[in-house]
Amino acid sequence: MKSDALRGHLDALLLATLDGGQLHGYAIIEALQRRSGGALDLPTGTVYPALRRLETAGLVASEWSTVGGRQRRTYRLTKAGQRALAAERTAWRDFTTAIEGVLGGGPWPAQA
Amino acid sequence: MAGAGVIDDYVTALDRRLRGPDPVKDDLLAEARDSLHDAAAAHRDDGLTEEDAQRRAVAEFGPVTAIAREYQGLLGLAHGARTLRSVMLVIPLAYVMWELNRRFWIGAWQDFDAPPPDWYLVVARFNDTSAWLVAGVAVLALLVGRRLARTAVSTLTLARLAGAVAVVAVGVSLLGNVAILAATAYLDATRLLTSPPVAAATVLSFVIALRLAVLARRCVVFSSV
């Protein structure tokens with residue numbers, strides 16, 4: 001899956017990745033690749049500016065901390081980030097339900 | 001080891017393309033370097049040589065030109081937000097300090113032999129209002145920028161917007177300062193020198209305004225790629 005297809009969803013994907021707890025940057029990239037079955041193919045360097053933009057927006061917070069004996073910047077969801085993620089999930093489920101209804105291949109309703 | 005500096009070369013190339021506040025830039029580059037070394041370590045564990053692991057990590061990170069553009073947006077935005085915060089705090093503070101100083105050392109302008117004409121009061125009112133107006137605009141811009149950061153608007157666009165607001169805000173503030181100074185000199189130049197402490201406060205206000213103008217100009221420089 002190429003980066004152009006992901007561009008509109010990157011923020012939501014990053015928020016969802018941080019839903020389980022705080023992670024450092026490369027762990028976020030690994031989690032994205034693992035949870036997508038390796039289908040997400042985007043320049044990893046674009047993840048960091050996106051994370052910092054989300055921090056500017058108040059949706060994530062970050063700090064330098066020691067992980068595995070190394071200093072790393074770790075990110076976590078803020079309360080506003082949790083609310084934004086919940087809204088993204090609702091919008092995504094509504095969208096996929098609507099698209100599945102058309103593309104899913106089920107029978108068309110009988111004509112009146 | 002041949003190629004062991006692939007990551008260092010990449011980070012150096014990225015560094016050369018970026019302009020902005022050093023602490024923010026150092027922080028961004030440190031994070032990028034860490035991530036690249038993490039990726040290279042993962043590839044080494046998969047059996048690649050050190051050089052191949054670093055080359056693959058760099059390739060996955062993205063072309064320097066494209067990545068630098070996104071990082072430059074962050075640097076421009078960080079500087080723009082800093083400048084707007086300075087405008088929000090420093091301009092009203094400088095105005096209040098100057099006014100308190102003037103009231104303590106000089107008193108009301110009407111206490112002079114000849115009360116100032118109406119046009120002078122208009123200029124004075126503009127100067128008084130501009131300090132609070134630009135501070136309000138800076139607060140609004142920071143709030144709107146925070147909102148826009150949650151949308152698909154790029155950091156580079158946000159940085160340019162912050163820079164434009166900062167330039168206009170500082171320009172209006174400087175205009176207010178220059179206008180009241182020129183009007184006072186035209187009306188009665190001796191009033192400018194009535195009180196050395198007030199004259200010093202006036203000079204300080206101009207130094208502050210010029211410093212803010214430099215910061216505003218850098219907003220434009222840092223948000224261009």
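UniProt positions are given in the numbering used here, feature names are shortened, and annotations may be inferred rather than shown by experiment. The model is predicted: local features need pLDDT of at least 70 and side-chain atom pairs pLDDT 80 or more, whereas totals for chains, interfaces and linings use all residues. Residues are numbered from 1 along each chain as its sequence is written, chains are lettered from A in the order in which they are written, and side-chain values use heavy atoms, without hydrogens and water.

**Exercise 1.** Describe the domain that UniProt places in chain A.

Step 1. The unreviewed UniProt entry gives "domain: Transcription regulator PadR N-terminal" at residues 14-86 of chain A.
Step 2. Helices (H or I, at least four residues) and strands (E, at least two) are DSSP runs, numbered from the N terminus.
Step 3. Residues 14-86 of chain A are 45% helix and 25% strand, with the end C-alpha atoms 13 Å apart.

**Exercise 2.** Describe the build of chain B, and state how its radius of gyration relates to the globule rule.

Step 1. Chain B has seven helices and zero strands, in the order α-α-α-α-α-α-α from the N terminus.
Step 2. The radius of gyration is taken over C-alpha atoms, and the globule rule is 2.2 Å times the number of residues to the power 0.38.
Step 3. For the 225 residues of chain B the rule gives 17 Å; the radius of gyration is 25 Å, well over that value, so chain B is more spread out than a compact globule.
Step 4. Along the principal axes, the C-alpha atoms of chain B fill a box of roughly 90 × 35 × 25 Å.
Step 5. Under "transmembrane region", the unreviewed UniProt entry lists residues 131-149, 161-186 and 198-216 of chain B. Residues 131-149 of chain B are 95% helix, with end C-alpha atoms 27 Å apart; residues 161-186 of chain B are 100% helix, with end C-alpha atoms 37 Å apart.

**Exercise 3.** Characterise the interface of chain A and chain B.

Step 1. Contact means heavy atoms within 4.5 Å; chain A and chain B each give 24 residues to the contact.
Step 2. Buried area is the accessible area (1.4 Å probe) that two parts lose on being put together, summed over both. Chain A and chain B bury about 2,100 Å², 53% of it on carbon and sulfur atoms.
Step 3. A salt bridge is a side-chain nitrogen of Lys or Arg within 4 Å of a carboxyl oxygen of Asp or Glu.
Step 4. One pair is E31(B) with R52(A), whose closest N and O atoms are 2.9 Å apart. This pair runs from helix α2 (residues 22-45) of chain B to helix α4 of chain A.
Step 5. D38(B) and R72(A) also meet in a salt bridge (2.3 Å, N to O).
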